[in-house]
Amino acid sequence: MKFRTRFAPSPTGPLHLGHAFSALLAHDKARAEDGTFLLRIEDIDTTRSRPEWEDRIYADLTWLGITWDEPPMRQTDRLPTYMTALKALWDNGVLYPCTCTRRDIAEAASAPQEGAERKIGPDGPVYPGTCRPSAPPTGPMPVGVALRLDMARALAGRPVFGYLETGVNPGPKHVSAEHMITNVGDIVLSRKDFSGSYHLSVVLDDAAQDITHVVRGQDLADATQIHLLLQSLMDLPTPVYHHHRLIRDEAGKRLAKRDDARAIATYRDDGKTPEDIRALVGL
């Protein structure tokens, strides 16, 4: 199995030191294994993505000495693929429409049943099941409405998932269906304003790019259980997952795109070199 990995930024703001660490780490691993390093532009959120930020991604990575071995994949070129996958899941009876707003979910989560613990999953408060039907919906898949995964139905016959993880918390891992139903819940797989979600697109894109090793931050480790389930539902391969440490500021807070002071372009404009960036992130 030839090593294939990717860096998948979103063009919604400047790349910062955390992005530099993740991209350099994945690139270094691919080159050390005589493997393949790919670039994917995760621009599915068209309301926030901007062409100028995509251009900046290419410039920043090139300045860091990072090269990619195939033309970049762009998620907006793959919307028909996401729609096809959603329709297949709908036909399998594991999706249902949801009209709840964020406020509806927050209010329900803040007032759980007596004695129940408020659950926070990878996507925030675990959905209380307000719109979940007692039986799978019939008829054509609706459009212009959010679609949720019926977690319990999706997990029927899939009691345990196993996968290999390296990085911060290495070793074989197992996730139970009971844990996912209780602590992850019915996640959104398609929003009303665009077809697909991060969880759906990332597993489809990794499969399309034949990714064998996913290198990403520890903040995405909790999402892996969702991706394992979607891979099982859609008969896709499961890569090895490497969750690396996060780059934090002086207060210990994870860097975000709004932290322009640590943007790669800012360091470059201040006269730093790619070697300086490597030293700053501990590579």
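I took a polar contact to be a pair of N or O atoms within 3.5 Å; within protein, one must be able to donate a hydrogen and the other to accept it, and residues adjacent in sequence count only if both atoms are side-chain atoms. The model is predicted, so I kept to the rule that local features need pLDDT of at least 70 and side-chain atom pairs pLDDT 80 or more, while totals for chains, interfaces and linings use all residues. Residues are numbered from 1 along each chain as its sequence is written, and side-chain values use heavy atoms, with hydrogens and water left out.

**Entry 1: Ser 49**

I looked up what the side chain of Ser 49 reaches, and found the backbone oxygen of Asp 45 at 3.0 Å. Ser 49 sits in the loop that runs from strand S2 (36-41) to helix H2 (51-63); helices (H or I, at least four residues) and strands (E, at least two) are DSSP runs, numbered from the N terminus. Is Ser 49 buried or exposed? Ser 49 is buried because its relative accessible area is 13%; buried means under 20%, exposed over 50%, and partly exposed in between, with a 1.4 Å probe and protein chains only. I then listed its contacts (heavy atoms within 4.5 Å). Not counting residues up to four places away in sequence, Ser 49 touches Pro 11, Thr 12, Glu 42 and Asp 43.

**Entry 2: salt bridges**

I counted a salt bridge wherever a side-chain nitrogen of Lys or Arg is within 4 Å of a carboxyl oxygen of Asp or Glu. The count comes to 15.

I noted Arg 74 with Asp 77, where the closest N and O atoms are 3.9 Å apart. Arg 74 is partly exposed at 28% relative accessibility, and Asp 77 is exposed at 55%.

Next I checked Arg 78 with Asp 205, whose closest N and O atoms are 2.6 Å apart. This pair links distant parts of the chain, 127 residues apart: Arg 78 is in the loop between strand S3 (73-74) and helix H3 (79-91), and Asp 205 is in helix H7 (residues 198-208). Both Arg 78 and Asp 205 are buried.

I also found Asp 186 and Arg 132 in a salt bridge, at 2.8 Å from N to O. They are 54 residues apart, with Asp 186 in the loop between helix H6 (177-183) and strand S10 (188-190) and Arg 132 in the loop between strand S6 (124-125) and strand S7 (146-149). Asp 186 counts as buried because its relative accessibility is 3%, whereas Arg 132 is partly exposed at 39%. Through shared partners, salt bridges join Arg 6, Arg 40, Glu 42, Arg 78, Asp 205 and Asp 206 into one network.

Asp 34 is in the loop between helix H1 (17-32) and S2, and is exposed at 63%.

**Entry 3: nonpolar cores**

I used nonpolar core for a set of buried Ala, Val, Leu, Ile, Met, Phe, Trp, Tyr and Cys residues joined through side-chain atoms within 4.5 Å. Which residues have the most contacts inside the largest core? They are Leu 149, Leu 189, Leu 200 and Leu 229, in a core of 38 residues. The elements giving two or more residues to this core include H3, S7 and H8. Among the contacts of Leu 149 beyond four places in sequence are Val 94, Tyr 96, Asp 186 and Leu 233. A second, separate core has 24 residues, including Phe 3 and Ile 247.
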